[in-house]
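Me: I have a structure to read and some questions about it. Can you take them one at a time?

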Amino acid sequence: MGNLYHNKTAQWLVYTAFFLGLAVIPSFVSDDFLLNQLATYGVYGMLALSISLCWGFGGILNLGQGIAFGLGAYGMAMTMQMQSQTESNPIPPFMLNNSLDQLPWFWEPFSNTAAGLILSIAVPTLFCAIFGGVMFRARVSGPFFAIMTLAMLSAFYTIILDRQPYTGGVNGITPPSPLQLGGFEIDPYSSTAYWIVLAILVTATVVAKLITQSSFGLVTQAIRDDAERVRFLGYSVAGYETAIYTISGAIAAFAGCCLVMLVQYVSPAQLDVGFSLSMVIWAAIGGRLSLLGAMCGAFLIQGAQSYLGDAFLATWLLILGGFFIVVVRFLPNGLASLLESALGLLATKPKTPAAETNGDAKPLPAE
Amino acid sequence: MDLGSLLNALILGLSIASIWLIAALGLTIIYGAAGVINMAHGEFIMLGAYSSYMLQYYLGLPYLLCIPASFVIVGAVGLALERGLIRYLYNRPLDTLLATYGVSLVLMQGVRLIFGSDPKYLAAPEIFSSNISLGFASISSFRVVILLVTALCVLGVWLLFYKTRFGVQVRAVMQNKEMAASFGINSSRVYMMTFALGAGLAGVAGSLFGVLAIVLPTMGASYVVQAFLMVVTGGGSLAGTVVASGVTGELQSIFAFFTNDTFARFVIFVLIVVFLRFRPQGLFAQAGARR
Amino acid sequence: MDFTRRRLLTTAAAASAAAIAMPNIMTSDKAYAAPLKKGEPIKVGLLFSLTGALAVPEEDSTLALQYAFEEINKNGGVGGVPVEPVIVDAKSDFGVYSEKTKELILREKVTALFGCYTSASRKAILPTVMQRNHLLYYPTCYEGAECTQNTICTGPLANQHSQDLIPFMVEKFGKKVFFVGSNYVWPKESNKNAKIWLEKAGGELLGEEYIPLGSSEFGPVLNKIRDAKPDFIFSTVVGASDIAFHKQFKQEGFKVDTMPIASLTTGEIETRAMGAEFGAGHFLSAPYFQSLDNPTNQKFVENFLKSKYGKNGVTHYNMEETYLTAYVFKAGFEKAAAAVGFENVTPRAIRDHSGGVRVEDAVSPEGLVWIDENNFNTWLKPKIGQCQADGTFKIVKAAEKHVAPDPYSIYPDAGVCTKDGLKAPDGKVRTNVI
């Protein structure tokens, strides 16, 4: 019978409470640093969310989420950089130092803030749609797709490093002033920046949650569990896989934009293999089958890194690695599955009417 | 451009190929036989370099003896890891990827705690610090050593897998674990041995790379991605990895000859993606393998 | 169910909308002053990586600074109060550099930051430093072409670094040279400068190759060098790659006496890691060597190595440049305090008063240096050392006069870096050019 964990109403209530909790934080916190830090965690949360959607619900392990994230981040950095260029000073300083005397063609659209912001999301999304489409049509799946994303990520990383005059090379791009939107400057340390990130995070989560509960989401979960059967039933498996991979990429692109808004900096490190792997780790530890769980995983790991990392200086990576091994070994579905089992114990007892009407009689969605 | 330089580039390509191959060899066995995606492979390589350093620095063992000794030490580490962790994860291949990533963090930091984060020095006999000149072409003698050791390892693995009773067992388990078990093959033991063997081969690679480049806790990270690409491109079989490494090494050397090193890498990554698009199962996929 | 979902959606949307529409009272005041009180220690931030790939050079930097501040505190502190270093670990991750910078400035409210080794990490933290009008002491060599109002650098700029090295090598070994560097900004900029000196010395550039950062495969490059047959190699390869480069140089049969490597990076630490047999005979240009023969340096080496910070058993140019930042800070702070009063000292005030401050022979192991009044880099004397069989360096040439730092020496069109910003040829002054 119904486990409260699988009760949709309860889930939505928990999500609401969680985000309301996040929304009131700025009223209590006046510490600029903490606000900025929490906003950065929000970005990591978005990334974990995107991994959870793609991997937990779509069954597509993506070790190259850094591509969409990095392209979004570079787009945003280019937009912000162009905001600080003027008539008399039309091209970014790092290009001058690389003997470019005019703006490269692909930088041109970023002179317009609106166009730049749209491109920052559109380019990575389009990339995912094309790359995913091509790969899934060829029925590349499982570990093979994971390795392909890894190779693609390394390719992007290498080319961005190498094309220094256009990308700033390993030093990346450092826009000298914060993002200007409609005449306002968005101070990265203000509650405005925090709320922008939160609003995007909330929107992304609601969209992702609705997707997982829609019939579309149920088909992707079926593909995750057995792609062949779904194919025999007449569904276009490649189409569904491409769609979920692309949506997940778009969320990562938003995350990239937000990060650059907060830190005013982008470098190839955003496309580093290690960083993409840590996104997967966040989702795995929090629980890839739960959107909220994955997000909490990101908050938990990054929070611990910030606050315990210095205290356990030399042993921090040992602790992190050990914790990770233990979770994978004993809790394959992450910390969220602990909650699931705990609530499962309760579910054997008589239930509330709400749980009874909602929680039974159909194959359980993953969360 | 003259022919001599191109010839040199081709010979160097062979050497680069042998480096890619020895880095990927252990991984091939582990992935091919047990389906485990071992992200800690780079750290096994690093452990190999550190074991050689330790044996040389504290016990004064000659370098050439350090190579087999590293095989044994890292093989033992692999054995312990398999017994302690990996064997619980055989039916969850993607989880082995994650768990071994955790292992790689632990190994890297553990070594850093013991040996410090400064680079260590691994000495090789003076004779390896010279080059062999053959008219137009020339190659360093240490690269020849790597080439020979790699060839020896490949030969050894091939003999083991195709000419011994153990090899038959391994291939049986690869094709169908349950069926093999019903014929009395102890698949758990087979997995354990292949994992230890794969780890040991990484140890050999490490003791070679320590002389060629540098001994650092982070040295393994740069090898694991490229090793994986070789294994997957090859399709998880021994012959596949050999061919994939050979082609990639030559391509890298030739691209680097005509353009530059960074761009050569970019081209190779893209070529691998394109190749796998058209042949997702890799060069020589094992017929009838599970998965 | 649908009802709930819709209601939740509206609530969520309304909440986000309200959040954005809320009057923005938080656009914080950018002027930032450290709250200094007489009698309380001055907090400074030490922002280096203690773990990860960058820990090799940066851990030494942290130790050198801890040693320097302990020495300063023992001798009366800065402006009469002790300095309290706040040490954080940037984990070799640019995201963490940025986060820790914010933590040090906003939460710890330090008076100045000392940190970074790579240009990439400096670029990662500068937006925060500039936005809060704070102060970064950057303690190592870099490429220049930056003009901010918030940094002071004690390492050699690209224009100072190879000025003597290239003519020296051309004179001693011959005119033909091959450039090898890691593939990033600093080697490329350094090579542009080196080309200018090469042209003046009548040399000839045979080739220029860049290796991916961290790569240890030098086969293709060494093949190209073999074909080109230069008289010497000019190297700006950094880190682990540098060690691989020297090893493979010898393994491929190159001879140090006929084709030495003239490097801007291969110092005492690198030589020890590669083994002195691979380093011996090559050349390095740096403002400091452990073997410098002057009383201040001898005292510095002796005291440092026997202190608890000298556990790594070596002093090298990067550590010494880091050590100097502490004394530059002391001098700048005291000058600012004398001008505006101790309580009113802000990071920006320290920077503005640091122009021209000197670290005298009696304190500076490399000898007298001073901060340029316009671009806030350091006037110093580059020296050339040759690595010996025991891994130490023998000084073969030292500059006679101090060399001026010029961050825009090869970009005269960009303008001149002045105290208030980059002054373009058209007379416009732009601040914070990075």
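Me: Over how many bridges do β16(C) and strand β17 of chain C pair?
Reply: This is a predicted model; local features need pLDDT of at least 70, side-chain atom pairs count only at pLDDT 80 or more, and totals for chains, interfaces and linings use all residues. Residues are numbered from 1 along each chain as its sequence is written, chains are lettered from A and ligands numbered from 1 in the order in which they are written. Strands here are DSSP runs (E, at least two residues), as helices are (H or I, at least four), numbered from the N terminus. Two strands pair if DSSP finds at least two bridges between them, and β16(C) and β17(C), residues 421-423, pair in the antiparallel sense over three bridges.

Me: Which residue in β17(C) is the bridge partner of C:Thr418?
Reply: Strands of a sheet pair through backbone hydrogen bonds, either parallel or antiparallel. The partner of C:Thr418 in β17(C) is C:Gly421.

Me: Which are the edge strands of the open sheet in chain C?
Reply: The sheet has three strands, with antiparallel pairing in the order β16-β17-β18. An edge strand pairs on one side only. Those are β16 (416-418) and β18 (429-430) of chain C.

Me: Are α5(B) and α8(B) roughly parallel or roughly antiparallel to each other?
Reply: Axes are lines fitted to C-alpha atoms, for helices over the stretch in contact, with angles from 0 to 180 degrees between N-to-C directions. The axes of α5 (141-163) and α8 (187-212) of chain B come within 11 Å and cross at roughly 175°. Under 35 degrees counts as roughly parallel, over 145 as roughly antiparallel, 65 to 115 as roughly perpendicular and the rest as oblique. Therefore α5(B) and α8(B) are roughly antiparallel.

Me: Which element gives the largest share of the side of chain B that touches chain A?
Reply: The contact takes 33 residues from chain B and 34 from chain A. Elements of chain B that give two or more residues are α4 (93-115), α9 (221-234) and α11 (261-278). The largest share, 14 residues, comes from α4(B).

Me: Which element gives the most to the side of chain C that touches chain A?
Reply: Here 50 residues of chain C are in contact with 49 of chain A. Elements that each supply at least two residues include α3 (94-107) and α7 (185-200) of chain C. With 10 residues, the most comes from α1(C).

Me: Over which residues of chain C does pLDDT stay under 50?
Reply: pLDDT is the predictor's confidence in each residue, from 0 to 100. Chain C averages 87, and 92% of the residues score at least 70. Where pLDDT is low, the predicted coordinates should not be read in detail. In chain C, pLDDT stays under 50 over residues 1-31.

Me: What ipTM does the predictor give the complex?
Reply: The mean pLDDT of chain A is 88. For the complex, the predictor gives a pTM of 0.89 and an ipTM of 0.87.

Technical notes. Two residues are in contact if their C-beta atoms, placed from the backbone, lie within 7 Å.
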